[in-house]
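Try each task before you read its solution.

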Amino acid sequence: MTISVVAANALLSGLRAELEGGTVSYYSGPTPIPGGATTLLLARSTVTGVPAPVDGVLSLPDGFESQRFTSGTVAWARIENSAGLWLIDVVVGVTGGGAPIELESLTGYAGGFVKLTSSAITVT
């Protein structure tokens with residue numbers, strides 16, 4: 001299946017509405033089956049100000065930070081809507097690594113921060 005950019009933007013606009021007021025939670029350990037049981041929660045933040053999709057790509061606001069609950073290495077993230085319903089599980093990497101969600105650093109300590117530097121949710 002191939003969809004146009006117009007269709008991709010329309011689909012992503014619906015996802016954007018679900019993301020607003022939702023959460024991004026960062027976890028260590030292996031990514032579970034889609035929507036499955038989570039591993040160790042390291043940090044969580046509320047998503048606000050999601051920009052409109054452009055050219056079939058939806059991005060989270062760059063630069064938002066989440067305070068760490070515990071020490072560890074971030075491996076993946078779960079995105080949920082404001083009702084706490086699962087939307088997306090995604091691999092996380094460091095800035096420039098090409099992961100859908102990129103952070104300033106994957107490793108940190110309780111009380112420190114997880115800082116989002118880039119994200120790209122695509123529909124192709």
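Lys and Arg count as positive, Asp and Glu as negative, while His and the chain ends are left out. Each charge is placed at NZ of Lys, CZ of Arg, CG of Asp or CD of Glu. This is a predicted model, where local features need pLDDT of at least 70 and side-chain atom pairs pLDDT 80 or more, while totals for chains, interfaces and linings use all residues. Numbering starts from 1 along each chain as its sequence is written, and side-chain values use heavy atoms, without hydrogens and water.

**Exercise 1.** Count the positive and negative side chains, then find how far apart the centres of the two sets lie.

*Solution.* Step one: the protein chain has 5 positive and 9 negative side chains. Step two: the two centres lie 6 Å apart.

**Exercise 2.** What does Leu 60 touch, leaving out residues up to four places away in sequence?

*Solution.* Start with contact, meaning heavy atoms within 4.5 Å. Leu 60 then touches Leu 19, Val 24, Val 47, Ile 79, Ile 101, Leu 116 and Ser 119.

**Exercise 3.** Work out what share of the protein chain's residues is buried.

*Solution.* Buried means under 20% relative accessible area (1.4 Å probe, protein chains only). Buried residues make up 40% of the 124 residues.

**Exercise 4.** Describe the box that the C-alpha atoms fill.

*Solution.* Along the principal axes, the box is roughly 45 × 30 × 25 Å.

Technical notes. Buried < 20%, exposed > 50% of the residue type's maximum accessible area, 1.4 Å probe, protein only.
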